[in-house]
Amino acid sequence: MTRGICILGATGSIGKSTLDVLSRHPETFRVVALTGNQRVQEMLELCKIHQPEQVVMASPEAAQQLQVLLRDAGLKQIRVESGPEALAGVARMDGVDEVMAAIVGAAGLLPTLAAVEAGKKVYLANKECLVMAGKLFMDRVRARNVVLLPIDSEHNAVFQCFADGRGVRRILLTASGGPFRTWPLERLEGVTPDQACAHPNWVMGRKISVDSATMMNKGLEVIEAHWLFQLPAEQIDVVIHPQSIIHSMVEYVDGSVLAQLGNPDMRTPIAHALAYPERIESGVSSLDLARAADLQFEQPDLQRFPCLALAFAALRSGGAAATVLNAANEVAVQAFLDEQLPFARIAALVEDTLAELQPAAPDELDAVLAIDHEARVVAGRHLRRHAAAPSA
């Protein structure tokens, strides 16, 4: 009997990689629902290949356009809806056994929580769920006895090496260092969006590519690791590994260090999670150890990557600092991509927002969303000041 899958964020890089893996195992998986933002033509092509029962687009305009194209393509049986309620609806719909949560940013929280509340098996590729609402989210996972498997390459690697968690001294999350690891600091002020999105090892969306360039992505992963593996900040380290061959490591009290290696291809952690505890073919080529023999490691320079320091500070301070951090970062990154904010001021905008807002930890979803909204308003105010400041 096949397992029904809903992919939240099907037109993104994780969604496409997931569909590639699923297509290799049609006897095991069937695509029941797909969701996307505004890429109507891309969603049409996915529908032609995978023929889901239902599709959700972000806006009514995109949904209407897709519905017309599907009808013209002879696929009028596919239902098309739009909006947040429909997004949550497909995450909990009958016929869906498992949900790939691959929507980028805060927008992924509500539908992923809907999947958890419905008792679906969840593959978590949206780190913001745990950054924004870590305790609330994990409490609901435990209350519903939901199987939650990490998809981020780093957390999946830790999961593969973590065993039962006994005797763990620390985990080490690896980071490529992004495209500006060796740039002189004075050059960072003039970084363009295209330069920031040109990741040396991974093919990713623009927002996560910028986060990788600032290393905020690694900071968010530190917070995510705290909730996934129940470890304090003191037992989570970050090491720069430019080759992206070792995806993360776990060190034990006896001195053993277990590492997960592989080519930098997201189909590996996706296939691992989909098949767990078994293994299936992912389409990823074998790692050539002879060619990958030169593996380098270095400590992150927090002067170059202040966003990483901000994330560690937010985790240590507790309360809703991580929620504020994430919201301010989303505002800052979008402003940078829109060429309204210099790359080198992303961290400053986030820091200013964190300094102004210090709310207590939220105990319900409405409180999380309220803090997220307030942080965006405050970040927007600081944005106007930073955008108006003269260049260095």
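Guide: We can start with two helices: the axes of α7 (residues 153-162) and α10 (residues 216-229) come within 10 Å of each other and cross at roughly 35 degrees. Please keep in mind that this is a predicted model.

Visitor: Which hand does the crossing of α7 and α10 have?
Guide: The crossing is right-handed. On the α7 side the contact is made by E154, H155, V158, F159 and F162, and on the α10 side by K218, E221, E224, A225, L228 and F229.

Visitor: What is the make-up of the contact of α7 with α10, in nonpolar, polar and charged residues?
Guide: Six of the residues are nonpolar, one is polar and four are charged.

Visitor: Why is the pair of F180 and F343 called edge-to-face?
Guide: A pair of aromatic rings is described by the distance of the centres and the angle of the planes. Two rings pair if their centres lie within 6.5 Å, and planes over 60 degrees apart count as edge-to-face. For F180 and F343 the centres are 5.2 Å apart and the planes stand at 75 degrees. The structure holds five aromatic pairs.

Visitor: What makes F180 and F343 a link between distant parts of the chain?
Guide: They are 163 residues apart. F180 belongs to the loop between β8 (168-175) and α8 (193-196), while F343 belongs to the loop between α13 (321-337) and α14 (346-356).

Visitor: How do you know whether F180 and F343 are buried or exposed?
Guide: Buried means under 20% relative accessible area. F180 has 2% relative accessibility, so F180 is buried. F343 has a relative accessible area of 7%, so F343 is buried as well.

Visitor: Which aromatic cluster includes F180 and F343?
Guide: F180, W183, F336 and F343 form one aromatic cluster.

Visitor: What makes R187 count as lying over the face of W183?
Guide: For an Arg, CZ has to be within 6 Å of the ring centre and within 35 degrees of the ring normal. R187 lies over the face of W183, at 3.6 Å from the ring centre.

Visitor: Why is helix α5 described as largely enclosed?
Guide: Seven of the nine residues of α5 (residues 109-117) are buried, so the rest of the structure largely encloses this helix. The buried residues are L109, P111, T112, L113, A114, A115 and V116. They pack against β1 (3-8), α4 (84-91), β5 (98-101), β6 (121-124), α6 (128-143) and α15 (365-388). After α5 comes G119, with a positive phi near 75 degrees.

Visitor: And why is α11 described as largely enclosed?
Guide: Here eight of the nine residues (267-275) are buried, so α11 is largely enclosed by the rest of the structure. Among the buried residues are R267, P269 and H272.

Visitor: What kind of peptide bond joins Y276 and P277?
Guide: It is a cis peptide bond, with omega about 10 degrees. P277 sits in the loop between α11 and α12 (306-317).

Visitor: What makes the phi of Q230 and S244 worth a remark?
Guide: Q230 is not a glycine, yet its phi is positive, at about 55 degrees. S244 is not a glycine either, and its phi is also positive, at about 55 degrees. Q230 lies in the loop between α10 and β9 (236-240), and S244 in the loop between β9 and β10 (246-252).

Visitor: How do you know whether Q230 and S244 are buried or partly exposed?
Guide: Under 20% is buried, over 50% is exposed, and partly exposed is in between. Q230 has a relative accessible area of 49%, so Q230 is partly exposed. S244 has 7%, so S244 is buried.

Visitor: Why is T11 called buried?
Guide: T11 has 5% relative accessibility, which is under the 20% cut-off, so T11 counts as buried. T11 lies in the loop between β1 and α1 (13-23). Leaving aside residues up to four places away in sequence, T11 touches K16, T35, G36, N37, R39, E42, M43 and L46.

Key: Residues numbered from 1 in each chain as written. Predicted model: local features only at pLDDT ≥ 70, side-chain atom pairs only at ≥ 80, totals over all residues. Heavy atoms only, no water. Axes fitted to C-alpha atoms, helices over the stretch in contact; angles between N-to-C directions. Helix = DSSP H or I, 4+ residues; strand = E, 2+ residues; numbered from the N terminus. Left-handed = near helix turned anticlockwise from the far one by under 90°. Contact = heavy atoms within 4.5 Å. Nonpolar A, V, L, I, M, F, W, Y, C, P; charged D, E, K, R; others polar. Phe/Tyr/Trp six-rings, centres within 6.5 Å; stacked < 30°, edge-to-face > 60°. Buried < 20%, exposed > 50% of the residue type's maximum accessible area, 1.4 Å probe, protein only.
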